[in-house]
Amino acid sequence: MPSYPQSPAAPPPSPPQSAGHYLEGLPQGTQPQGAPSQGQPYYPAPQGAPYPAPEGAPFQGPPQAAAFPAAPPQGQPFHGAPPQQAPFQGAPPPQGAPFQAAPFQGAPPQGAPFQGAPFQGAPQQHAPYQAAPPQQAPPPPPGPQWAPQPPPPPRGPAAPYPPPAWRPPRRRSSGGAVIVALMGMLALVFVLVVVASAMARVSRAEDPVSPIALPTYSLPPLPSREPREDDTAAPARPSAKPTSQATRRPTTPTLNRTAKSNSLYRAGSPARTNCPAGNASIYNHAQFKALILKTGRCMGNAWAPALTRAGIPWTPPHYMIAARKGRGACGDYPSPGSNVPYYCPSNSTIYASTSAMAREYGPLGSWNGIIISMMAHEYGHHLQNVSGISDSWWQQTVNSSSRSGRMALSRRHELQATCFGGMFMRSVAASYPIDGTRRNTLLWAYSHLGDPPGGPRDHGNTRSNAAWFRQGYTRPMAYQCNTWVVGSASVS
């Protein structure tokens with residue numbers, strides 16, 4: 001039971017003189033023995049304990065048919081009940097006789113007579129009250145000026161305060177709840193408007209990567225299926241005499257394998273590919289591995305026609321996917337101290353650990369499209385390898401005499417692969433699917449990817465990575481990913 005501070009409660013207000021208490025019915029100017037005079041406090045016994053009374057003869061109870069006298073003689077017990085009133089429940093006996101009435105059960109409603117049942121037989125014997133309330137005044141002498149007073153709550157250590165009664169919670173008005181709900185909806189709408197405007201400003205912000213000009217050379221015309229005028233003419237018969245000049249065979253365009261003017265930049269856009277990803281979880285090895293292999297085939301279907309059109313011989317890469325770690329042609333995968341996948345040019349294989357990638361990229365979100373875009377980055381390294389861009393980059397790196405120069409070349413190489421990854425994700429946007437919200441998720445994720453503070457500056461900062469992924473996604477043409485001809489500020 002909890003304890004409560006024992007501070008006396010204020011007594012209830014006194015009832016009007018016209019409405020008496022449970023002793024109402026006594027003639028004016030009369031009172032029972034032992035009652036306090038007007039102005040003196042009246043202390044009833046606490047609940048469950050009998051009234052205190054002086055020792056004497058026991059009270060025998062009022063006779064049922066006795067007439068109510070005008071006033072009982074002083075020093076004698078009160079016998080009888082008031083006429084036309086509620087039955088009398090007993091009064092304190094005179095001095096020298098113990099009071100034997102039933103225990104006090106609480107005050108009746110103020111201003112109304114006591115409506116209890118009449119007293120039947122001898123009252124139950126009770127032990128005398130052993131703890132009188134503190135500071136109790138002695139009963140005043142009888143007098144005609146006494147008037148009934150309302151009983152205050154019991155005081156002192158004899159009757160400690162009980163715990164307060166339980167009250168049901170106050171019902172709030174429905175109007176306040178409606179106002180709170182409306183204010184919450186308005187706040188939510190305001191937040192959504194602010195977020196949408198901020199994202200719109202980001203999308204409209206000036207792209208640090210300017211569009212790259214078209215190459216000065218153009219693709220050879222594709223063979224036409226339309227009939228020509230000379231197709232209907234009779235085939236020419238071989239002449240009897242040999243011609244003076246040898247017949248020329250059609251020549252294939254010469255491949256440019258340099259990083260700045262590579263033939264890959266003539267490939268155009270990757271083919272739009274049907275590649276639904278489903279709900280594969282990045283935390284389930286079997287589901288994640290199946291998704292990587294499936295999207296890897298989609299990448300081949302998207303890039304093979306483009307590179308073949310540019311005259312670049314095409315072969316797809318291989319995959320090695322482990323649940324935790326493994327070892328391949330380029331060493332351990334993932335690399336010691338790293339969780340990211342990598343492309344090994346010596347055997348054209350992409351190595352990855354599903355659990356390591358989930359640890360690395362999981363904080364960016366559980367949507368599998370974020371990590372698949374990283375795999376598209378690695379696929380971009382395969383494009384650089386088969387087109388000769390990687391060989392050109394490596395030769396420039398070997399010839400560089402400074403670490404900063406080598407790091408700058410590495411950033412151009414890596415950011416170009418990021419741009420190629422953005423091009424692929426755009427090619428499967430309709431089927432993957434990637435709606436506006438998913439696209440913004442990808443752009444947001446790449447704004448958190450880049451060189452770690454204090455580490456080597458070989459992949460570019462977060463701003464450059466986000467810019468080049470956006471470049472490939474929004475301008476999906478191969479020449480737009482030429483990181484070798486832009487200023488150093490665009491590949492920082």
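With 75° about the S-S bond, the disulfide between cysteine 330 and cysteine 344 is right-handed. Please keep in mind that this is a predicted model. The two sulfur atoms of that pair sit 1.9 Å apart. Cysteine 330 lies in the loop between strand 2 (326-328) and strand 3 (331-333), and cysteine 344 in strand 4 (residues 342-344), so the link ties together parts 14 residues apart in sequence. Cysteine 330 is partly exposed, at 41% relative accessible area, whereas cysteine 344 is buried, at 0%.

How many disulfides does a search of the whole structure find? It finds three.

The next one joins cysteine 275 to cysteine 298, with 2.2 Å from S to S. Cysteine 275 is in the loop between helix 1 (174-204) and helix 2, and cysteine 298 is in helix 2, 23 residues apart.

The remaining pair is cysteine 419 with cysteine 481, S to S 1.9 Å. Here the torsion is about -70°, so this disulfide is left-handed. Cysteine 419 is in helix 6, and cysteine 481 in the segment after helix 8 (462-474), 62 residues apart.

Now the core. The largest nonpolar core has 67 residues, and Trp303 and Phe424 touch the most other members. Helix 2 (residues 285-309) gives the largest share of this core, 10 residues. Among the contacts of phenylalanine 424 are Cys298, Met299 and Trp303.

Last, alanine 417, also a helix 6 residue (403-427). Why does alanine 417 count as buried? Because its relative accessibility is 0%.

Terms used. Residues are numbered from 1 along each chain as its sequence is written. This is a predicted model: local features need pLDDT of at least 70, side-chain atom pairs count only at pLDDT 80 or more; totals for chains, interfaces and linings use all residues. Side-chain values use heavy atoms; hydrogens and water are left out. Helices (H or I, at least four residues) and strands (E, at least two) are DSSP runs, numbered from the N terminus. Buried means under 20% relative accessible area, exposed over 50%, partly exposed in between (1.4 Å probe, protein chains only). A nonpolar core is a set of buried Ala, Val, Leu, Ile, Met, Phe, Trp, Tyr and Cys residues joined through side-chain atoms within 4.5 Å. Contact means heavy atoms within 4.5 Å. A disulfide is a pair of cysteine sulfur atoms within 2.5 Å. Lists of a residue's contacts leave out its neighbours within four places in sequence.
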